[in-house]
Amino acid sequence: MKIIVLGGDGFCGWASSLRLSRRGHSVYIVDNLSRRKIDKNLGVTSLTPISSIEKRVNTWNSINNKKIKYFNLDIAKDISRLDDLIKKIKPDTIVHFAEQRSAPYSMKDISTRNYTISNNLLTNNNVLYLIAKNNRQIHFIHLGTMGVY
């Protein structure tokens, strides 16, 4: 199967991408790296070091026959590029992890609240719209936070 993993740089998205690839699926990670940008903005880092998505994909691809491809794309803002990618890949499944985790970032101030709400609603809306537009047979799996408060 061809599977697009939205939010594939995140904790759940990365692990799912590896498992799907190991099982022989063609995996395409789409992520805008917003989690990394937010952590940098807040001046925080992960308790465990996390290599860049490019380094992780390159490492995985060097030891595995089924390669993972990565696309830096903001699906909340660039629906036309996501549309082009879906048309090009023709995925069987889209797994959606591309939501901003809600707490505590969304509670920091009004701009972080608005970012969380708009990102989480628009990512979901854009993906569902493009599935309906391009191929209603694409399986959609949503496993995000749905933090919209």
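**Ground rules.** I count residues from 1 along each chain as its sequence is written, and my side-chain values use heavy atoms, with hydrogens and water left out. Since I am working from a predicted model, local features need pLDDT of at least 70 and side-chain atom pairs count only at pLDDT 80 or more, while totals for chains, interfaces and linings use all residues.

**Whole chain.** I started with the secondary structure and found 5 helices and 5 strands. I took both from DSSP runs numbered from the N terminus: H or I of at least four residues for helices, E of at least two for strands. From the N terminus on, I read the order as β-α-β-α-α-β-α-β-α-β. The radius of gyration (taken over C-alpha atoms) came out at 15 Å, close to the 15 Å of the globule rule (2.2 Å times the number of residues to the power 0.38), so the chain is as compact as a globular protein of 149 residues. Along the principal axes, the C-alpha atoms fill a box of roughly 45 × 35 × 20 Å.

I then looked up burial, and 44% of the 149 residues count as buried. My cut-offs for relative accessible area are under 20% for buried, over 50% for exposed and partly exposed in between, with a 1.4 Å probe and protein chains only.

**Helix 1 and helix 3.** Next I checked how helix 1 (residues 11-22) packs with helix 3 (residues 53-63): the angle is about 20° and the axes are 12 Å apart. My axes are lines fitted to C-alpha atoms over the stretch in contact, and angles run from 0 to 180 degrees between N-to-C directions. That makes the two helices roughly parallel, a label for angles under 35 degrees.

Which residues meet? I found Trp14, Leu18, Ser21 and Arg22 in helix 1 against Ile53, Arg56, Val57 and Trp60 in helix 3, with contact meaning heavy atoms within 4.5 Å.

**Arg56.** I followed up this helix 3 residue. Is Arg56 buried or exposed? Arg56 is buried, at 14% relative accessible area. Leaving out residues up to four places away in sequence, I saw Arg56 touch Asp9, Trp14, Arg36, Ile50 and Ser51.

**Arg23.** My last stop was the loop between helix 1 and strand 2 (26-31), where Arg23 lies. Arg23 counts as exposed, with 56% relative accessibility. I also noted that Arg23 and Lys67 are 44 residues apart in sequence and 11 Å apart in space, C-alpha to C-alpha.

Methods. Parallel < 35°, antiparallel > 145°, perpendicular 65-115°, else oblique.
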